[in-house]
Amino acid sequence: MNEPAPIVFVVDDDDSVRRALTRLIRSAGYCVECFASAREFLESHFHAWSTACLVLDVGLPQLDGLELQHELNARNRALPIVFITGRGDIAMTVSAMKAGAVDFLAKPVSDTDLLRAIGNALAHASQAFASRIELDSIHGRLARLTPREREVLALLVEGRPNKQVAFQLGIAEKTIKVHRARVMDKLEARSLIDLVRITDKAVIPHLSGDARSH
C-alpha cells in the first residue's frame, strides 16, 4: 500500500493569516487545506488523509485550538499539531505538548521555524502511517492461525520449549513441532525473536488454564 501525499491543514479565523500560511506552505511543496473555525474543520473530510498535520491557531472563537485538540483525541482522530498563538503561556504549552502537540510557536512565527515544525509533524504522521500498515499486516497474519496455533504461539513467546508446550497442552511433542512450523510460516517469522517482536506489536491472549482440557 503506497503512502498518500501529505497534506497540511490550517485552522485560523484570520483571513489574512490563512492566505499567508497557504502561500508559505505551498511554496514548500505541500498540499494545503484551510478552515476558518474548528467546527468547520471537524465537519470536513480531514480523516481521509493518512499522512497529514494540522497548523492550528490557539485563539479560535467558540471552540479554541486546545479544545479542538481534545476533541480530536476523544474521537481517536489525533493529528500531529503545530500550534501558533499570540497569547501562549507555559501552562498552555505544557498542556498542548502533553496532549500530543508537535510544536507550540508564538506569533509572529518565522517562516523557517514554521516549515521546520511542519516537516517534523509530517514525519510523525508518516511514521504513524507506516506503523498502522505494519500492524494491519500483523493482524492479518495472526488471523490465519487456528485456535490451537494461537495457544502454541502464546506459550512459545514465553520461552517454553516444545516439550513443555506439549505437556501443558496435553498433546504429543511431534505435534507441537508441526504446529510451531505452521505458526512460523503463517506469521512469516524466521526465528523465535521474530515471533516475540510480532506478538509485542499485537495483543496475543495468553493461554488460559482451560486450554489443557482441549
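This briefing describes salt bridges in the structure shown above. The model is predicted, and a search of the whole structure finds 11 salt bridges. Side chains of opposite charge can pair when their charged atoms come close. Among the salt bridges found are the pairs glutamate 134 with lysine 201, arginine 148 with glutamate 151, and arginine 160 with glutamate 158.

**A link between helices α5 and α9**
- Glutamate 134 and lysine 201 meet through their side chains in a salt bridge, with an N to O distance of 2.9 Å.
- This pair links distant parts of the chain, since glutamate 134 belongs to helix α5 (residues 111-142) and lysine 201 to helix α9 (residues 192-201), 67 residues apart.
- Glutamate 134 is partly exposed, at a relative accessible area of 29%, and lysine 201 is likewise partly exposed, at 38%.

**A pair within helix α6**
- In the salt bridge between arginine 148 and glutamate 151, the closest N and O atoms are 2.7 Å apart.
- Arginine 148 and glutamate 151 lie 3 residues apart in helix α6 (residues 147-156), so about one helical turn separates them.
- Both arginine 148 and glutamate 151 are buried, which means that each has under 20% relative accessible area.

Terms used
Residues numbered from 1 in each chain as written. Predicted model: local features only at pLDDT ≥ 70, side-chain atom pairs only at ≥ 80, totals over all residues. Heavy atoms only, no water. Salt bridge = Lys/Arg side-chain N within 4 Å of Asp/Glu carboxyl O. Helix = DSSP H or I, 4+ residues; strand = E, 2+ residues; numbered from the N terminus. Buried < 20%, exposed > 50% of the residue type's maximum accessible area, 1.4 Å probe, protein only.
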